[in-house]
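Have a look at the fold first, then go through the points below.

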Amino acid sequence: MSHETVLVWMLSLNREYTKTEYDTAYQLCELCFPNEKYKYEHQVPDSFRTLMTQLLPVLMMRHRRVPRAKWQDHVTPTGKHWIEHAPDSSGRPRPPSIGYQLTFHNSLCGMAVTQGQPAQVVNIGLGIKQLKVEPRGTSVPVFFESLSHKLTQLEIANIAGNPDELVLKRLCINLALKEAYIKAIGQPIGFDLSRLEFDMPNRCATGDGNPLIGWEFRVFTAKLGVARGTVLKQEEYECVCAYYRGTQDTTFIFHGTAQELENWVQFINIDQLMAVAAKLAA
């Protein structure tokens, strides 16, 4: 992974979990992140999602063959995480720091990752929005109206007046863009999203009226098959990775095919993580 590379790990919670799996994830998080306090709530799906998402950096470091004792997790005052390799006795230069940001939404857990200097690598964020109305049974126009306070007048004009399917897709992309940016800059929940404007037809973005210069936004769709009991359901998510590159412009990259994603997005599921769980603490 070069200094400027961005990678995304996506964990699909593609089926119901067992209490044994919850316990495994809980114990691993307690072991790997002793400074964090995790509530034990094995019947709460969001608790399992939180634990599984938290294990993604551990899985990534394992993937790089770095034992848990050889890296430290740091956090900035705004809650941005970065990993530093422990110095070794060989005298070799220390590998670059790794910045990451964790997010989950319904059946999809994600981690955006980059590496370089600590001050740079924390400027990364991931937004995930499932392509569906909530609560179930709501019409798309009503759902759109209920979220319009998060949009600017221009964004509303760009989305409205299209077929329902397109309205929903554009709305989800727009909200995922805002979420990715907010998370990249370390803003707390409750930030007024209408202060940000993503003018997608013209490929430009502003915050409080000022251009978001130097940012790269990668937009892609994730499609999952999720077992709910004996029924297999298809779920679709609009995802955005935001990263500050410090260039002179704002870049939007749209990935339309699975082949385009293979280079930088890795998909795994519950079974794959649980298969290596015993090795993660090593």
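1. Of the 282 residues in the protein chain, 47% are buried (under 20% relative accessible area, with exposed over 50% and partly exposed in between; 1.4 Å probe, protein chains only). Bear in mind that this is a predicted model, where local features need pLDDT of at least 70, side-chain atom pairs count only at pLDDT 80 or more, and totals for chains, interfaces and linings use all residues. Numbering runs from 1 along each chain as its sequence is written, and side-chain values use heavy atoms, with hydrogens and water left out.

2. The accessible surface of the protein chain is about 14100 Å² (Shrake-Rupley, 1.4 Å probe), and carbon and sulfur atoms hold 52% of that.

3. On overall shape, the C-alpha trace spans about 60 × 50 × 35 Å along its principal axes. The radius of gyration is 19 Å, which agrees with the value near 19 Å for a compact globule of 282 residues (taken over C-alpha atoms; the rule is 2.2 Å times the number of residues to the power 0.38).

4. The protein chain has 10 helices and 13 strands (DSSP runs, H or I of at least four residues and E of at least two, numbered from the N terminus). Among contacts (heavy atoms within 4.5 Å) between residues at least 6 apart in sequence, 67% join residues at least 24 apart.

5. Now for helix α1. Its buried residues are E21, Y22, D23, A25, Y26, L28, C29 and C32, and these pack against α2 (45-54), α3 (56-63), α9 (270-275) and α10 (277-280).
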